[in-house]
Amino acid sequence: MGLLHRHHDDGGSKYRMREKVFAIGDDFWIENDSGERQFKVNGKALRVRNTLVLEDASGQELFSIQEKKLHIHDTMEIERGGHTVATVKKALISPLRERFSIEVEGGKEMEAKGNVVDHEYKVERDGEKVAEVSKRWFRVRDTYGIEVASDQDDALILAVAVCVDQMSHD
């Protein structure tokens, strides 16, 4: 039984995340739509800067996520092997709709837009949907789903979703 009920399916991946649990020092699992643990977000509190680390199920570090405090707009960087691979910036549109720009190193910029606080938004690149985030797919409180298009880097998209969640609840 799948958790994300959709009438159409492009063969992409579907994940389940809990909301508002990104406290530094906390760890949590991102599960696939079968309830299997796929990725772990590890809240490393012992570093100089607050860092979240996205790991695969075996504990291999995929990305580290760090908030940049010296920027005018909220900004978080996603790093792989010490190199920045994406920068997520918050750009407020209105009290109910927010937009985040995602600059990807060596790739085309993405944008997250919609009702971010309520976890109802899309991530797009050149107007094409690369991921959708929604709470409507679940009856469980404090849980939302992320559907990632089949030709995307799932771990990177999930790291972006962690950044968006972190910045929208600060």
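Tutor: S64 is buried, because its relative accessible area is 5%, where buried means under 20%, exposed over 50% and partly exposed in between, with a 1.4 Å probe and protein chains only. This is a predicted model, in which local features need pLDDT of at least 70, side-chain atom pairs count only at pLDDT 80 or more, and totals for chains, interfaces and linings use all residues. Residues are numbered from 1 along each chain as its sequence is written, and side-chain values use heavy atoms, with hydrogens and water left out.

S64 sits in strand β5, residues 61-68; strands (E, at least two residues) and helices (H or I, at least four) are DSSP runs numbered from the N terminus. Beyond neighbours within four places in sequence, S64 contacts T51, L52, V53, E77, I78 and E79, a contact being heavy atoms within 4.5 Å.

I78 also belongs to the largest nonpolar core, of 40 residues, and is listed with I30, L54, V88 and I102 as having the most contacts inside it. Such a core is a set of buried Ala, Val, Leu, Ile, Met, Phe, Trp, Tyr and Cys residues joined through side-chain atoms within 4.5 Å. Helix α1 (residues 154-168) supplies the largest share of this core, eleven residues. Among the residues that I102 touches, leaving out those up to four places away in sequence, are V88, V123 and V160.

Elsewhere, β1 (residues 13-18) and β12 (residues 143-148) pair antiparallel over six bridges, pairing requiring at least two DSSP bridges. R18 has T143 of β12 as its bridge partner. β1 also runs antiparallel to β2 (residues 27-32), joined by two bridges, with R16 opposite E31.
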